[in-house]
Amino acid sequence: MKEKSKLNFGLILTVYLLGIFMGALDTGIVTPARTVIQESLNVGDKAGIWMITVYTLAYAASIPVMGKLADRMGRRTIYLLSIFLFGGGSLFCGLSHGMNSFTALLIARAVQAVGGGGIMPVATAEFGTTFPEEKRGMALGMVGGVYGVANIFGASVGSAVMDFFGTGHWEFIFFVNVPIAVFILAAGFFCLPNTKEKSRDPIDGTGICVLVIMVLCIMYGLKNIDFFNFRETLQSTDVYPYLLIFLALLPIFVWIERRAADPVMNLHYFSNPRILITLGVSIITGIVLMGVIFVPQLCENAMEVPSGKGGYFVIILGVFAGVGAPFSGRLTDRFGPRAVLGAGLIASILGSLTVIFSTTVDPGWPNVIAALMFIGLGIGFTMGAPLNYMMLWETDEREANSALATLSLVRSLGTVIAPAVMVGFIAHAGTGISDDVMKLMPKEVNVPRLPYAAELTKVMRSQGVENVPDFDSMTRIQIDMNASGGDTEIPEELLNELKNSDVTTITENTKDMARYMFEKMSPQIQTKIDRGISKGESGVRSGIRGMDQSIRRMREAESGMQQGIDGMNQALAKQSEALKKMKKGRAGVHKGYQGVSKGVKEMQKAYDAQQVPFVREKMKPQLEKLQKKQKELARAGKKMDRGIASLTAAQRKIRQKQARLKYQKAQMAKAITGIQEGKREAKDTLRKLKIMKKAVPGALAAAEKNYIKELDRKSPEIRQTYQSALNRGFRQVFIMTAIASGAGLLLLLMYRRRREESSSND
C-alpha cells in the first residue's frame, strides 16, 4: 500500500504539473507569432493584439468561477473539464489558420483561456490539502517552479516551434497542446481523486455573473491605461466606462455575496489583515514576474545578439527558477512561508539592483548571469509554495479551491498593471532612440562631380540660357531627417521601424532607411537635374537654330556680294573695253592733231614766207581752216582725255568698291566659319549634356554608397547610442521591480501567522 501510495502521488503530481506547464506555457507562446498570425489572417496591429488580450481577460474571469465549481463538483471533474476546454480551444486555434478566420481564432483563444483559468487553482488546492504534510511544501514548490519556468519559456518555445515548422505553419504552436491534453485526460480519469466539498447550498450564479463582468471590466480598463499619459487615457472610452462599471457593480456584488448561501468569493478574506497582506504580496509577485518579460530583450541589448536569441539567456533564469521553486517548498516546510518569501523578494531586489547598476552599465557574461541567477531564484522562491501556504493557513480547507483562485485572480492584477507601466518605460526610452540616432546620421551626402559640370554651367550661362542650375555645385545633398525643408523627408513608418530595432539591427535598419530615403529622393534630384539639363538643351538647340538662320542670311548676303563683285567685274570689263577704244580714238585724234599741227606749222611757215598777197589771200582760208581743225582736234582730244580720266576714275571707284566688297565677303566668310565653329561647339555641348544626364543615376548611386559607408563607420556609435537609450527603459523597469519587492518585504514584516497570534494571546 505504501508503494502504491507513492505511485499515486507521483502520478497525481505529474498529471497536475503537466497541465500547469501546458497552461502557463501558452500565456507567452503566442507572443513571437503575433505579427505572423496577423499577416496570415490579414488583420492589423490594433486587432491582432486581441489574440493576447482576449486570453488574458477570459483567463482572469474564469479563475474564481472554476475555483468555486471545483469546490462543488470536484477537483478532478473541473480539472479535466479545464484540460478538455484548453485542448479543444488549442485545436480550434490551429484550425482557424485553415479557416482563414481571425474571429474563429479569438473564440478559440477565449475557450483556451477559460480552461486555463481552472488548471492552476485546482492543482494548487489539491497539493495544499490532500498531500501529506511532509510532501506538501515540495509539491507546492513544484507548482511555482513549473508555472514560473513555463511562463518564462513560453515565448522561446513559440519561436522554436515556428523555427521548426516554419512561420507559414504557425498553427503548430497550438497543435502541440493537443496530445498533451489527450494524455492528461486519459491519465487523469484513472489516477486523480475527485476531491470536493459537500454542500447542498445552491450555486451563487448571480454572484458568478457579476464577478465575471467586474473582472472583465477592471482587467480591460487597467490594460488600456497608459500610465505615462494617465489623464488622457483615463478619459478614453476604452478605459473609464469599464472602470465605472466595475465601481458601480462592486457594492452590488458585495450585497449579493453577503446574502448568498454559498458565495463565489468569501468577502471575509478582505476583512482579514493577514489575508489582505497575502493578497497584497501576491500582487507584488505578479509585478515582479512581469519583469521577466523584458529579460530576453535586456539580454539581447546587453550582449548585442539578434532579436529572438535572448530567449536562450532565459534558460539560465529558468534553471535557477526551476531549482529554486522545489527547494523553496522544502524550506517552507522547515522555516515557514514568510522567511522563504522574504528570501525570494531579497533575491529579486538583488537581481534588480544587478541589472540597474551592472548589466545595463557594464554588460558582459558575469553581470548578465549574476542578474539572471538572482531574478530566477527570486521567482522560484516567490511563485510557488509560500503564498499558497499562507492563503491555505488563513482559510478553511473546504474553501481551498476558491481561496487559491482568489489568490490567482489578485495576482493577475499585478500581471496586468505591471506590463502597462513597464512597456511605457521601454516605449518612452524608445521614443528618444530615433532622435538620438538621427543626430548621428550625416546631414548631407557627397555626390561625385558630374562630368563637364563646371564647363557646361559656364557655357550655358555665357549663352544666356535662363534658370540654369549650377551643376558644378551639385556635390552635396542636404538631408532633413525630421521635417520638410531638405531634399527629402523621413516618413513616420520608417521612424517607427527604427524604434523597433534591436542593437544588432539598428545600423542595418538605419541603412534601410537611408536606402529608402535615396529611393524616394533620387527621382526628385534626377528630375531637378534633368530639368536643368533640358533647359540647357533647349537653350543650346535654340542657339543652333539661331546660328543656322544667321548662316543662311549671311550666305544669302555673301551670294549678293559675289553677284555685286561679278557685276563690277563685268562693268570693269566693259569700261576697260570702252577705255581701250577711247584711248585708241584718243591716239587717232592725237595723231590727227599732230598731223594737222604739222600741216598748220608748215602752212603757217609757207604763209609767212609768201610775199605775194594774192597767194597769201588764197592760203589764208586754208590756213584758218587747218587751224580750226587743229583746235577742233585739240578740243576733241581734251574731251577724250576727260572721258578717259572719268572712265579711269570710275574704274578706280569700282575697283575700290569691289575691294571693299571682297573684304566684306571675306569677313562674312570668317563670320560664317565662326558661327559654324560655334554650332559645332553647341552640338558638342548637347553631346556633353547627354553624357551628364546619363551620369546622374550613377552619381546618385555613388552618393548612396558613400552615405552607407559613412553609416558603417558610425555603426559602433549608433549601436552604443541605441543601447544607452534602451538601457534607460530597462533600468526603470527593474527599479519598479526592486521597489515592488521592497514593498513586499515591508508587508511581510506586518504579517503574523494566525497560530502565532493565538499562542501569543494564550
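Reply: Let us begin with the term itself: a salt bridge is a side-chain nitrogen of Lys or Arg within 4 Å of a carboxyl oxygen of Asp or Glu. Please keep in mind throughout that this is a predicted model.

Me: Ok, and which residues are linked in a network of salt bridges?
Reply: Asp684, Arg687 and Lys688 are joined in such a network. Within it, the side chains of lysine 688 and aspartate 684 come together with N and O 3.1 Å apart, and both of these residues belong to helix α24, where they are 4 residues apart, about one turn of the helix.

Me: Are lysine 688 and aspartate 684 buried or partly exposed?
Reply: Lysine 688 counts as buried, since its relative accessibility is 10%, whereas aspartate 684, at 25%, counts as partly exposed.

Me: Why do such side chains pair up in general?
Reply: Side chains of opposite charge can pair when their charged atoms come close.

Me: How many salt bridges are there by this rule?
Reply: The count comes to 9 salt bridges. One of them is between glutamate 304 and arginine 719, whose closest N and O atoms are 3.6 Å apart. Glutamate 304 sits in the loop between α15 (295–303) and α16 (310–335), while arginine 719 is in helix α25 (residues 715–749), so this pair ties together parts that are 415 residues apart in sequence.

Me: And how accessible are glutamate 304 and arginine 719?
Reply: Glutamate 304 is partly exposed, with a relative accessible area of 37%, and arginine 719 also counts as partly exposed, at 26%.

Me: What does lysine 679 pair with?
Reply: Lysine 679 forms a salt bridge with aspartate 548, at 2.6 Å from N to O. Because lysine 679 lies in helix α24 (residues 613–713) and aspartate 548 in helix α23 (residues 506–609), the pair ties together parts that are 131 residues apart in sequence. Aspartate 548 itself counts as partly exposed, with 27% relative accessibility.

Me: Switching topic, where is serine 741?
Reply: Serine 741 is in helix α25, and it counts as buried, with a relative accessibility of 0%.

Me: Which residues does serine 741 touch?
Reply: If we leave out residues up to four places away in sequence, serine 741 touches Ile284, Val288, Leu345, Ser348 and Ile349.

Me: What lies 2.8 Å from a polar atom of its side chain?
Reply: That is the backbone oxygen of threonine 737, which lies 2.8 Å from a polar atom of the serine 741 side chain.

Methods. Residues are numbered from 1 along each chain as its sequence is written. This is a predicted model: local features need pLDDT of at least 70, side-chain atom pairs count only at pLDDT 80 or more; totals for chains, interfaces and linings use all residues. Side-chain values use heavy atoms; hydrogens and water are left out. Helices (H or I, at least four residues) and strands (E, at least two) are DSSP runs, numbered from the N terminus. Buried means under 20% relative accessible area, exposed over 50%, partly exposed in between (1.4 Å probe, protein chains only). A polar contact is a pair of N or O atoms within 3.5 Å; within protein, one must be able to donate a hydrogen and the other to accept it, and residues adjacent in sequence count only if both atoms are side-chain atoms. Contact means heavy atoms within 4.5 Å.
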